[in-house]
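User: I would like to go through this model with you, one question at a time. Please show it first.

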Amino acid sequence: MWSFFILGLQVMVIVAWNGSGQPSSIFNSDVFKKVLSVFITAAILKLGQAVLDVILSWKARQSMSFHVKLRYVLKVVSAASWVIILPVTYAYTWRDPPGFAQTIKSWFGNSSNSPSLFILAVVIYLSPNILAAILFLFPFIRRFLERSNYRIVMLMMWWSQPRLYVGRGMHESTFSLFKYTMFWVLLIMTKLAFSYYIEIKPLVGPTKAIMSVHVSTYQWHEFFPRARSNIGVVIALWAPIILVYFMDTQIWYAIFSTLFGGIYGAFRRLGEALGHGAFRDQ
């Protein structure tokens, strides 16, 4: 969830910062290429997660089997490989790449741009997530795979999760998963729409204006000795908004739980007293 919010924040800042600021501007070629950089951020977060898993499991290494240790090591190696592959292929999607992408392209040679290479890398990178989404939407397939003893299936499940865990082979029905998924889809869409139009987009104009003002004399120059814009004001402007962005999901969850719970209880007539007889029986 936290990784999703970080990636969502990156996309919203890119869309709001470039072009008209409307969500439809994501279909602009330059804006869309910049939005594709979220996969690089996702790879970096995945590497951090893999390293964190190793750190948190370090004290239990003595009781781990060889296959479990191998899984942790391969997770780190795979995540580190994608942190290298995705930025390199992303640099070649641009004819004149901006920022650090130009540096990467200068390291590996300034040949012609090749966006299809990055798309292929993204498809391969997302293939485990696509498979996980399919298994989530069709729990009977996941139930079959978790109980299967075929070696290829065991290898696939070994990579995604340990074979022995609580609840193995036990899943909710498809309709229950659909209701649960729709609840969170509506909640997340509402939260992201509110964050974009109320929190992120209104700050872009003032931020650009602040960064365009050249400040030659700093009262606290020891903190920003080489700054050419008032970065401190920008940080102070965005910090509370970023904090609210990451925390207001709990508020939206409380609102949606109250609405959906009230509607569900009303249709099921929960707590309804059917006449005086119900009170007399109590």
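User: Which residues have the most contacts inside the largest nonpolar core?

Analyst: This is a predicted model, where local features need pLDDT of at least 70, side-chain atom pairs count only at pLDDT 80 or more, and totals for chains, interfaces and linings use all residues. Numbering runs from 1 along each chain as its sequence is written, and side-chain values use heavy atoms, without hydrogens and water. A nonpolar core is a set of buried (under 20% relative accessible area, 1.4 Å probe, protein chains only) Ala, Val, Leu, Ile, Met, Phe, Trp, Tyr and Cys residues joined through side-chain atoms within 4.5 Å. The largest has 21 residues, and those with the most contacts inside it are Leu 187, Ile 200 and Tyr 245.

User: Which helix gives the largest share of this core?

Analyst: Helices are DSSP runs (H or I, at least four residues), numbered from the N terminus. α1, α2, α9, α10 and α11 each supply at least two residues of this core. The largest share, seven residues, comes from α9.

User: Which residues does Ile 200 touch?

Analyst: Contact means heavy atoms within 4.5 Å. Residues up to four places away in sequence are not counted. Ile 200 then touches Leu 9, Met 12, Val 13, Ala 16, Ser 195, Trp 238 and Ile 241.

User: Why do the buried residues of α7 line one face of the helix?

Analyst: The buried residues of α7 (residues 139–147) are Pro 139, Leu 145 and Glu 146. On the other side, Phe 144 and Arg 147 are exposed (over 50%). Seen down the axis of α7, by the directions from axis to C-beta atoms, the buried residues line one face because they fall within an arc of 120 degrees.
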